[in-house]
Amino acid sequence: DASGRAGVLARGRGLRIETNGPRTIAVAGTWQSPGAWPGVDDDSHTLVASYADGWAWSVPVGPGLRQFSVMVDPARTNLTRGGDSRDVYLAEIAKAMPFASILAQAHLVEGPWGADASVYSAQRYAGPGFVLVGDAGSAIDPLSSFGVKKALASAWLGAVATHTTIVRPAMGAEAFAFFNRREQDIFAAAQRQAARFAADAAARVAQPYWTARSGPSVEDDGFEPDVNALVTDPGVQEAFADLRARPSVNLTMGRDVSVEPRAAVRGHEIVLEPQILAPAWPRGIRYIRNVDLVQLLQIAPHHEDVGRICAVVMKSAPHVALPDVLGALSVLIATGVVVQKQPYL
């Protein structure tokens, strides 16, 4: 099912989950400028502006033409009442002050028109006889800015899962389960991103549009490591500093850590491969910045010199950079996947 918001199979099978959260309506119009757009250095760029009652964005659609859209909440945006859709749209676009100079000499040539941009998800995204890809499965808050990427990734992985069930029927259930988990994770990650943006805006202007969207979102269960967060994590930084200061290491696998087969994408199929399971990674993890953590876990206990550990890893994976190996080892230490052996007394 790639039918977008229509969700032919999703609705037909009762899989669509409409959220109880705020609704978002996109109202768009096409504008024409008599010359270059004032203040726009590169006309190919997307423009984004926020304001107290919502936010606006603009994309080029042709020579001298740009679409300008506003994202509003029917229940929380202070919309102009009593006028037609054009009046409502013009009043809202005028609130986006960064766009005022850009639109000063332009005129509306088409629209406005509206579309529902509210969030929804699905009970399941795949199963016997169906796969929901893109907006047919879920729609994320446009504020997250990952809508197109999400749709492309969903279609690609849906194709991989479907291909797997055809060429390896015994892996069908595992392939669909993997696709389902990944779609749930991507939806949750996008919601967290949008909530962070909204919370930042709410801290500046405590208006209903933003406060309603800045509440608690789905918790991160650690399925996909947030590399940027790991880089700044105090525990990881401490482990990294300790590695650099130690003349030698004596590492071993931590408690409650195991290596077990879990689903992963390889080429055009979903296969079972070894992954690390630990309290920090209950659903398994294999790579961080292209560093094979399973291989690193196997190598680290056999060498006392950190440089030697890195050299062995990089010899088998020349595309991996030294800082990434050190960072990955620091993550394993900080999360208790590997620990320093206690010396005998």
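Visitor: Does Pro128 count as buried or exposed?
Guide: This is a predicted model, in which local features need pLDDT of at least 70, side-chain atom pairs count only at pLDDT 80 or more, and totals for chains, interfaces and linings use all residues. Residues are numbered from 1 along each chain as its sequence is written, and side-chain values use heavy atoms, with hydrogens and water left out. Buried means under 20% relative accessible area, exposed over 50%, and partly exposed in between, with a 1.4 Å probe and protein chains only. Pro128 has a relative accessibility of 71%, so this residue counts as exposed.

Visitor: With which residues is Pro128 in contact, leaving aside its neighbours within four places in sequence?
Guide: Pro128 lies in the loop between β8 (126–127) and β9 (130–131), where strands (E, at least two residues) and helices (H or I, at least four) are DSSP runs numbered from the N terminus. Contact means heavy atoms within 4.5 Å. With those neighbours left aside, the contacts of Pro128 are with Arg13 and Phe176.

Visitor: How many residues of the protein chain are there, and what share counts as buried?
Guide: The chain holds 10 helices and 16 strands, and its C-alpha atoms fill a box of roughly 80 × 50 × 35 Å along the principal axes. Among contacts with a separation of 6 or more, 63% join residues 24 or more positions apart. The chain has 345 residues, and the share that counts as buried is 43%.

Visitor: What distance does helix α7 reach from its first C-alpha to its last?
Guide: Helix α7 covers residues 234–245, which makes 12 residues. The expected span is 1.5 Å times one less than the number of residues. For α7 the expected value is 16 Å, and the helix comes close to it, reaching 16 Å.

Visitor: Why do the buried residues of α7 line one face of the helix, and within what arc do they fall?
Guide: The residues concerned are Val236, Ala239 and Leu243. The arc is taken from the directions that run from the helix axis to the C-beta atoms. The three line one face because, seen down the axis of α7, they fall within an arc of 60°.

Visitor: Against which helices do the buried residues of α7 pack?
Guide: On the other side of α7, Pro234, Glu238, Arg244 and Ala245 are exposed. One of these, Ala245, has a relative accessible area of 62%. The buried residues of α7, in contrast, pack against α6 (227–232), α9 (306–316) and α10 (322–334).

Visitor: Which strands stand at the edges of the open sheet of 3 strands?
Guide: The sheet has the order β11-β12-β13 with antiparallel pairing, and two strands pair if DSSP finds at least two bridges between them. Each edge strand has a single partner, so one side of it is left without a neighbour in the sheet; these strands are β11 and β13.

Visitor: Which residue is the bridge partner of Ala278 in β13?
Guide: Strands β11 and β12 are joined by 9 bridges, whereas 2 bridges join β12 (residues 269–278) to β13 (residues 281–285). A hairpin leads from β12 to β13 through 2 residues. Across this pair, the partner of Ala278 is Trp281.

Visitor: What angle does the direction of helix α4 make with that of β11?
Guide: In β12, the bridge partner of Pro261 is Pro274. Helix α4 (residues 172–204) packs on the sheet and touches β11, β12 and β13. Axes are lines fitted to C-alpha atoms, for helices over the stretch in contact, and angles between N-to-C directions run from 0 to 180 degrees. The direction of α4 makes with that of β11 an angle of about 85°.

Visitor: What is the value of omega for the peptide bond from Gly111 to Pro112?
Guide: Most peptide bonds are trans. Pro112 has its place in strand β6 (residues 107–116). The bond from Gly111 to Pro112 is cis, with omega near 10°.

Visitor: What is the phi of Asp256?
Guide: Most residues other than glycine have a negative phi. Asp256, found in the loop between β10 (251–253) and β11 (258–266), is exposed with a relative accessible area of 64%. Its phi is a positive value in a residue other than glycine, near 55°.

Visitor: Where is Arg289 placed?
Guide: Arg289 also has a positive phi, near 50°. At 44% relative accessibility, Arg289 counts as partly exposed. Its place is in the loop between β14 (287–288) and β15 (291–292).
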